[in-house]
Amino acid sequence: MSVIINAEHISYSYPADEAERPVEALRDVSFSVAEGEFVAILGHNGCGKSTLAKILCMILQPGEGTLSIDGKDMTADDITEEDINQGRRKVGMVFQNPDNQLVATIVEEDVAFGPENLGYPPEKIRRRVDWALETVGMTKYARHATHRLSGGQKQRVAIAGAIAMHRKCIIFDESTAMLDPHGRKEVMDTITRLNREEGITVIHITHYMNEATMADRVLVMQKGGIIMEGKPAEVFSRTEELWAAGLDVPQTTELLWHVRRAGYDVALDIFDPEKCAAEIARALKGTAHGRDNT
Amino acid sequence: MKADIAFGQYYEGNSFLHKLDPRWKILFVIFYIVVIFLAKNVFAFALLILSAVFLILISQIRLRTILRGLRPLIFIISFTALINIFWLKGETLLIDWWIFHIYLEGLINALLIVVRVVILVVGTSILLTYTTTPIALTDGLERLLSPLAKIHLPVHEFSMMMTIALRFIPTLVEETEKIMNAQKARGADFSTGSLVHRAKALIPILIPLFISAFRRAEELATAMECRCYTGGEGRTRMNVLHSGWRDLAALLALCALCAGVILLNIFASGYTLAL
């Protein structure tokens, strides 16, 4: 698998605000994302995860370090406006607030905004828009007004707008944070489907632990750096470290951790409530059985 | 408050009017306004009323929606009507009491002016805003004005601004409501006291509204940049505008209406508008 995003030793500081000192947001961040991967980035508020997203979308230029998108170095000195636009055609972003990223008043016209910017002929834009709306399951709402949709639906339209440009990779910057549980599920289902069925690389920034469990790989950020990296099962098994970093673990893991501390032998990396219940039942029965024998 | 913003909103539909080319529609509206102001005779006004009813019927928009769009104009309509009733002098005195002298001519004149304003609003909103998506509208405007781009007027930027403004009206109205409710919950009072007092009470609404609007603008700009927006150059559109037989039919109908109004103005003998 080829590497779509490769970040090496990226640092970023926000410029000094009048008399104050510059604020360091990212410090020596290195990671890479392979094509087709689903990566979740976890972190506390202000840990630099949104700054990282903006750098990956080339909204901000990293102060130090190199970022390459699909093999092209975006931090090279001779980078042009055109190169950056080429990069943005490959990597898209869906933001937190659904209201602040929709440009048009009608769903399909908003989805068409990106392809229109690329200067495609009308028939091609039409095909892309129909495909994108179909993929996020919003075909029914193509002619609806955007402001009358629910939060989850608006986010799905924003996702359609991002994929209508046939992007290889989409970054979700806390795209589920402002939604109710129902909307969150809608959006998460759409994201996982994009990743599994359309093969689009997904970088999902979130502070919901159960969303991170759906990823192939989890990066945990703290104070501008990456402190943990690995499969969800590996990362969440380091429960105490996560707590020390001020982060939560999925509720199932927390429960299993308490069960383990009470002296039962259970695994921590189970995220499905049913399986978690089964695991605890197995552990409890096991000991009960053991007691009978003695 | 939300109900009051029917004016300036698009209603989905599939009528004859929805299918007209927005470029033509803009020209039709200008034409229609001219015709409305041409009408002087009561019979010409009757013809205008018929045309407005016809527009309402073919637009397939519910009458309730249209009436709701008129609600914000009640003040201005009644104001002009009252001025006409009390100030216009005529021949037939109806009421002569204290300082009030009301003439029959004043009443008719007031009625005609009210009809004119109502038709003006109903006609333009049905022709344009109710049956045209704001994007089609700004798109049409952009193309109508495109010759001006040759002399370096920012036509595309202007139409983009219009699109975004239209897009954010409902969002900001909703936000204003939220802020008002939040301030009310903290004991703010917007409905009593002197005018100055009430105006001052609006400041705590406007400041948060402006701050949030600026934040929204910044986020929207970032989002647009992420979607490869680099201005009007090299941009194409999904919906290509086509004019067809419908536009021709509408043009002919409008010409017929115009001719009818002019003929009635000249030949019909009825009350003629004084202003």
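I am working with a predicted model, in which local features need pLDDT of at least 70, side-chain atom pairs count only at pLDDT 80 or more, and totals for chains, interfaces and linings use all residues. Residues are numbered from 1 along each chain as its sequence is written, chains are lettered from A and ligands numbered from 1 in the order in which they are written, and side-chain values use heavy atoms, with hydrogens and water left out.

Entry on the helix. I looked up H3 of chain A, residues 107-117, where a helix is a DSSP run of H or I of at least four residues, numbered from the N terminus. I found eleven of its eleven residues buried (under 20% relative accessible area, 1.4 Å probe, protein chains only), among them A:Phe113 and A:Glu116. These buried residues pack against H4 and H5 of chain A and also against H6, H7 and H8 of chain B (contact being heavy atoms within 4.5 Å). After H3(A) I noted A:Gly119, with a positive phi near 75°.

Entry on the interface. I found 33 residues of chain B in contact with 40 residues of chain A. The area buried between the two chains is about 3,300 Å², 54% of it from carbon and sulfur atoms (accessible area, 1.4 Å probe, lost on putting two parts together, summed over both).

Entry on charges. I counted four salt bridges between chain B and chain A (a side-chain nitrogen of Lys or Arg within 4 Å of a carboxyl oxygen of Asp or Glu). A:Glu116 forms a salt bridge with B:Arg235, with the closest N and O atoms 3.0 Å apart.

Notes. Buried means under 20% relative accessible area, exposed over 50%, partly exposed in between (1.4 Å probe, protein chains only). Helices (H or I, at least four residues) and strands (E, at least two) are DSSP runs, numbered from the N terminus.
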